Amino acid sequence: MKASNSLWKQKLAGRIAEPLASELDVYENEVALRRQGKIDEKVFAETRLRRGAYGQRYDNGQRHDGITARKLEFPTAGTKGPSTLWDAPGMQRIKIPYGGMNAEQIEVMAELAEEYSDGIAHITTRQDFQLHFIHIEDTPALMRRLAAVGITTREACGNSVRNVTACHLTGVCRTQTFDVTPYAHALTYFLLGHPDCQDFGRKFKIAFSGCRTEACGLARMHDIGAVAATREIDGQVKRGFEFYIGGGLGTVPQQARLFEEFLPEEELLPISQSICRVFARLGEKKNRNTARLKFLVSKLGLDEFKRLVCEDRKTLTPDPRWTAFLSDLGTHDEAPLKPPSLLQIAPVRDPGFDEWYKTNVYSQRQGGYSTVTVALPLGDITADQLRALADVTRKYVKDTVRTTVEQNMVLRWVSSGDLPAVYRELKAAGLGEPGAGTIADVVSCPGTDTCKLGISSSRGLSGELRWRLAEKQFVMDEAIRNLRIKVSGCFNSCGQHHVADLGFYGVSRNKGGYTVPHFQVVLGGQWDNNAGAYGLAIGAVPSKRIPDTVERITGRYLAERQTGERFQAWIKRIGKAACKSMIDDLTAVPAHDTSPEFYVDWADAREYTIGDIGIGECAGEVVNPIDFQLAACERETFEAQLALEAGDAARARMLAYESMLHGASALLKQRMPMFSDDPDQVAGLFREQLVDTQLFHDPFAGPKFAHYFLKAHERRNEAVTDTRAHQLIEEAQLFIEASHACYARMRQQPVSTKA
Amino acid sequence: MQHFRVKVFGRAAEGFELHQAIPVFHRWIQTNALPELLIDVADYSHVPGGPGVLLAGHDSHYGLDLRKNRLGLLYIRRTAQDGSTADRLRSALAAARAACEKLVQEPEFAGKLSFDFDEIEISVNDRLLAPNIPESYQELADELGAVLDGYTFRHDGEPRDLLTVLAVRAH
Ligand code: SF4
């Protein structure tokens, strides 16, 4: 904890606008009261989350050091939330609405990264910043310093409206319908702290996109996705939005549904408000796993949900803010610092410029100007680099910087003739890496580095892939260079693996009594069309074989693609069975004795564990039958995918359900040698032995995955749509993953012989 | 003044590989190699001019650091300490020196990494307690003069940097 914490309030007096200044005073008091044990830990946890102060891995005071699980003996007693120790370092998320930043804010970010964190500021896939290793008692000072330059962390985490994102090119984009910045700004500040948004059961995400076909806004994977649209009404061109609701990634991804083909601009704020009100009123509150808006829309049906929203809209008291911003949309118009100019053809350029220009420079719709992408490895930037970027910002543009959902930053409105100088200055600061938006620009969530839920090292893998691919990217065929890789450390999808050409999410497997880090391979997601389609998992590969997997899949694509055939189309054409057979041999895990490196994750040196699971008593080379049984279940879910692909939703549903049934049986056999394989009995025993005992509970998702099976069992005779069958397959995959994890936990427990 | 940051510049010989710090730092956690609570290891070797490989602790972070594109052992004091400024400086310098001595003995780095202590960078990782102005520099240089014998001092860096003194051993 910093010795200067108590001094910042006075130092920044008068520089923080109300009501933020008062809110931060209250927050500081809450920190002090919790420290004294005068606020309940659960209440304080929600309080700090709503201020963006999040937990970080090992904050329960337990860490496996590779040999043994050890207790982290922090000096201060007490907690900052359930199972979250007071002294344990945490993560601070900082909201950057639509990614917009100025030079002063960038400099403050540098100071905070240096003074409170580890010298690194990290950009997330939702245009936020994150700082790690933050002490809770430093957070009020840190937040005040941000507030003094106009940044709030309010509602950056918790059950609230999260950062409102928008495509980073909006306003300068050649294909946009119009600039969505003023709309994103208006909705951000309208909903921030709004009383109608304080009683959600889960988080709520909003994204804007300037056009329908490009990818940057990713509108269709959000709770609200607003895509700029125009319509001619009474001879006048009116602005509005193609308005989507109920999308989301997470464990079971869902495409947003079209709420309104054309929502007039003046209805953007009130309709969003009514959606929030209906969500707060009817959304699930007890079971976090079904509390996102997508579940409510599915439960009610789109028509009924829409009817409720429209009814609610009629009851709202008119608010001048709904339309006030429309009379001054130009407030957010950016201006260039320099007159437009053309990039001069020079006989000699700086080495590396041409490659960088090819991938990192975008010609704006405004002639003579370019947007420059500063490619950040894994979204990381140092304090020194942030200051250098602030210098470049001041010298070449007028505070027109944005963060991107691909974890980079962009400088907009660079006069094109300045590009060589900008490149030179960025390069001097280590910010001149080429390859933005290519296969080497791998996106990754924090994974096991800092996230409490991480299963495999997404950053470790991404760093390795980036390193290998960066070297080769300029000799690669363009078809491969333009693919996108995204990696998540677990099924929660923060790395957005569902919308990548090649997506990976962390899972684990058991081999000979050891736990082995793996990644599920997800192919054929669509980044275009605002995240227009999600990929499906084809199998789990040991982490250490993912680079080979990438090489093999891209190699096959290059060899087999037809002229102009895109990756998704190729995946669709060859079918899932061929995709799976492409990686079949890579799924094998060599023995621990011969290849111990498979049992250590990327960028780590410890023997891999999940939680505190070490080497079980069945260490050795005896393979437990359950490993085979769970592998068979995976095959069944795969066959379910094939059936769905062949248009047989009923068979797909049956296979997905049976894979869960067989997984449940396999686990039960570990507990009790004899029972009938009648599905009702299996479901009953599963509930009694594994759900009621909480043995199947995921440490973070609770009984969610168990309920997938029990629900599928109850509804096994109902007809299914393609969408429901697809969802059931996703659920079955997660159930099997949870079965692997449950088995790992069972190995740590004495076997019950209850028959 | 509080929260000192000390960087001892190092020299890499043939065969040195930064990522070897990952197993070394994990081992330090396993063996309680330092007399303080160590938490985790963070790999930032992908960031040009970045923190390299970091050993994160409760009271302090240690790192095999690449900032300003110079390899060195970086010690960062995070929590506040009792005692005088000179006491805290001594403690930070001693912690950095101990880590350097330990690091060069590790099998991964033996003969491949050295620290000669000819140049040491000392900063105050708190802009409010020590603004980067000539007066604070003078105060820090005076304190350093009392604890670092045989060095000359220079106010280093640019105005936005942490208050930083470069200590160069007089030969
Ligand atoms: S995907 Fe999983 S590991 Fe990655 S940040 Fe999200 S919850 Fe954590």
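Tutor: Let us begin with pairing: two strands pair if DSSP finds at least two bridges between them, and the strands and helices themselves are DSSP runs, numbered from the N terminus, with at least two residues (E) for a strand and at least four (H or I) for a helix. This is a predicted model, in which local features need pLDDT of at least 70 and side-chain atom pairs count only at pLDDT 80 or more, while totals for chains, interfaces and linings use all residues. Residues are numbered from 1 along each chain as its sequence is written, chains are lettered from A and ligands numbered from 1 in the order in which they are written, and side-chain values use heavy atoms, with hydrogens and water left out.

Student: In which sense do strands β21 and β22 of chain A pair?

Tutor: Strand β21 (residues 485–488) and strand β22 (residues 502–511) of chain A pair in the parallel sense, over four bridges, and V487(A) has F504(A) in β22(A) as its bridge partner. Both belong to an open sheet of five strands with mixed pairing, ordered β20-β21-β22-β23-β24 in chain A. β20 (443–444) and β24 (536–542) of chain A each have a single partner strand, so one side of each is left without a neighbour in the sheet.

Student: Which helix packs on the sheet, touching β21, β22, β23 and β24 of chain A?

Tutor: Contact means heavy atoms within 4.5 Å, and an angle, from 0 to 180 degrees, is taken between the N-to-C directions of axes, which are lines fitted to C-alpha atoms, for helices over the stretch in contact. Helix α17 (residues 546–560) of chain A is the one that touches those four strands, and its direction makes about 25 degrees with that of β23 (514–523) of chain A. Helix α23 (residues 722–746) of chain A lies across β22, β23 and β24 of chain A, at about 35 degrees to β22(A).

Student: What is the strand order of the open sheet that contains β10 of chain A?

Tutor: That five-stranded sheet runs β10-β11-β12-β13-β14 in chain A, with mixed pairing, and its edge strands are β10 (165–166) and β14 (257–264) of chain A. β10(A) runs parallel to β11 (residues 206–209) of chain A, to which two bridges join it, and A166(A) stands opposite F208(A) in β11(A).

Student: Which residues of helix α13 of chain A are buried?

Tutor: Buried means under 20% relative accessible area, exposed over 50%, and partly exposed in between, with a 1.4 Å probe and protein chains only. In helix α13 (residues 419–428) of chain A, the buried residues are L419(A), V422(A), Y423(A) and L426(A). Seen down the axis of α13(A), they fall within an arc of 100 degrees, taken from the directions from the helix axis to the C-beta atoms, so they line one face of the helix. An α-helix has 3.6 residues a turn, so residues three or four places apart point the same way. Just after α13(A), G430(A) takes a positive phi of about 75 degrees.

Student: How many residues of strand β2 of chain B are buried?

Tutor: Seven of the seven residues of β2 (residues 38–44) of chain B are buried. β2(B) pairs with β3 (residues 52–57) of chain B in the antiparallel sense over six bridges, and D43(B) stands opposite V53(B) in β3(B).
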